Amino acid sequence: MAVGRRKRAAVVVLGDIGRSPRMQYHSLSLANQAGMEVDIVANGGSDPHLSLRENPSIHIHEMKTVKLTGISKISGALALLLKAAIRFIMLIWFLCFKIPRPDNPPSVPTLAAVKLASWLRGAKFIVDWHNFGYTLLGLSHGRSHIIVKLYSWFEKHFGQMADGAFCVTKAMQHELAQHWGIRATVLYDQSPDFFHPASMMEKHGLFSRLGNTICSAMGNADCISVEKKVEDMDTTVFTSKIDGEIFFKPNRPALVVSSTSWTPDEDFSILLEAALMYDRRVAATLGEDDSMDEGRLWIDIKNGKQFVYPSLLFIITGKGPDRKKYEDQIKRLKLRRVAFRTMWLASEDYPLLLGSADLGVSLHTSSSGLDLPMKVVDMFGCGLPVCAASFSCIEELVKVNINGLLFSTSSELADELMMLFKGFPEECNDLRSLKEGAIDTASSSKWSTEWEANALPLLDQVSE
């Protein structure tokens with residue numbers, strides 16, 4: 001190594017870097033905390049966070065996305081094999097010829113190509129196990145499919161060749177040690193510093209920017225779209241600006257945020273059913289019948305009338321294959337006190353949305369049962385309490401009745417919504433208690449401290 005030359009790392013993401021927060025945070029830490037030049041090799045799609053795009057030590061190399069639509073219709077297995085072969089060649093081209101020689105390339109399982117490239121270029125090879133690829137493949141093909149079995153062997157065989165490994169939970173660490181013969185360091189997901197509770201000024205600015213989207217119903221008119229006639233630029237659905245000071249509206253709806261990839265390991269129908277149950281249970285509790293004039297009710301709420309249970313606005317962020325299917329279902333719903341909006345936010349606005357919301361919902365159940373949802377980590381980073389779908393290791397992250405609640409069915413989630421939002425916004429003590437717990441969780445650790453304590457020592461060790 002030449003004297004004075006900065007070490008270099010390659011971060012390999014076989015996916016959209018803008019939708020891979022953990023790998024974005026790795027890249028920032030390698031650049032800012034380890035003092036390395038960083039080459040990100042990834043598919044294009046969504047813009048990564050501004051802090052990556054503006055960092056002079058981080059260089060993004062975009063690979064073209066492989067699409068074999070015609071072949072997929074003939075044979076899904078053949079398409080998978082061809083796609084893997086094409087990606088292998090593309091990765092070898094980028095890692096061996098396109099980017100400067102790295103010293104330590106953390107990566108997701110693009111294992112054979114990264115192992116070959118690291119051997120050819122004399123670099124170290126580190127795997128960050130977020131989940132197991134074969135379990136994700138098993139969602140669509142079944143665990144007994146020959147392709148899934150081959151993928152499992154591939155991951156295990158090449159994963160054992162790595163010079164070091166990270167993983168996201170203690171449960172995954174145990175699985176890797178007991179059944180794969182891999183010693184991995186647990187590196188818990190933590191939110192970076194730009195995830196934090198939003199100030200009133202930030203909330204008002206965000207709600208103003210999103211005003212048209214928030215006030216536009218996805219189908220028929222709803223309890224939120226009635227606000228579209230508001231023309232005062234100092235007023236949003238949630239806030240008012242009076243004499244330069246910003247206040248929450250006392251009759252505002254509660255804002256619930258869920259981020260989803262719209263894939264089979266996140267059953268969005270649970271959230272739809274829970275919202276419908278909340279709507280009906282509130283109506284029954286308040287003694288309202290089906291003949292009630294909803295338009296009159298919405299105008300009354302807009303003009304300041306308050307009820308023991310608030311209206312709920314669900315903002316659903318994310319991209320994925322099942323999005324349109326569920327959007328069509330949302331449009332057919334007839335809801336009195338619940339409204340849905342789907343959107344894809346700029347990477348700078350997403351933390352502001354989490355920091356402005358009242359509750360987060362996670363539908364992630366994990367294909368392996370061994371990983372944790374990054375979206376919940378980000379919610380906690382913004383001081384946002386969470387209702388999360390229950391699975392085997394989720395309690396490594398969500399502490400029941402401290403920073404969140406767990407549910408297994410839509411009815412359980414509806415019960416939690418009723419409990420948490422009763423008396424909103426001033427007299428919902430259960431929600432307030434969970435929010436304090438989420439803020440405590442955020443203040444206990446951040447990504448930079450977790451990375452320095454657990455990742456940096458491993459990088460130094462394999463570099464010796």
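1. In this predicted model, W119 is exposed, with a relative accessible area of 64%, a value that lies over the 50% cut-off for that class. W119 is found in helix α5, which spans residues 111-121, and together with L116 and L120 it forms a nonpolar patch on the surface, the three residues having about 340 Å² of accessible area together.

2. Helix α12, made up of residues 294-302, has E294, L297, W298 and I301 as buried residues. Seen down the axis of α12, these buried residues fall within an arc of 95°, so they line one face of the helix.

3. Two local features accompany the ends of α12. At its start, a side-chain oxygen of D293 reaches to within 3.1 Å of the backbone nitrogen of G295, while just after the helix G304 takes a positive phi of about 115°.

4. The count of aromatic pairs comes to 14. Among them, W129 and F132 form an edge-to-face pair, with 5.8 Å centre to centre and 70° between the planes; W129 counts as buried at 0% relative accessibility, and F132 counts as buried at 1%.

5. F421 and F424 also form an edge-to-face aromatic pair, for which the values are 5.7 Å centre to centre and 80° between the planes, and both of these phenylalanines are buried.

Definitions and conventions. Residues are numbered from 1 along each chain as its sequence is written. Side-chain values use heavy atoms; hydrogens and water are left out. Patches are made of residues with over 30% relative accessible area and no salt bridge: like charges are joined within 9 Å, nonpolar side chains (Val, Leu, Ile, Met, Phe, Trp, Tyr) within 5 Å. Accessible areas come from the Shrake-Rupley method with a 1.4 Å probe; for residues, only the protein chains shown count as cover. A salt bridge is a side-chain nitrogen of Lys or Arg within 4 Å of a carboxyl oxygen of Asp or Glu. Helices (H or I, at least four residues) and strands (E, at least two) are DSSP runs, numbered from the N terminus. Buried means under 20% relative accessible area, exposed over 50%, partly exposed in between (1.4 Å probe, protein chains only). The arc is that of the directions from the helix axis to the C-beta atoms. A polar contact is a pair of N or O atoms within 3.5 Å; within protein, one must be able to donate a hydrogen and the other to accept it, and residues adjacent in sequence count only if both atoms are side-chain atoms. Rings of Phe, Tyr and Trp (its six-membered ring) pair if their centres lie within 6.5 Å; planes under 30 degrees apart count as stacked, over 60 as edge-to-face and the rest as tilted.
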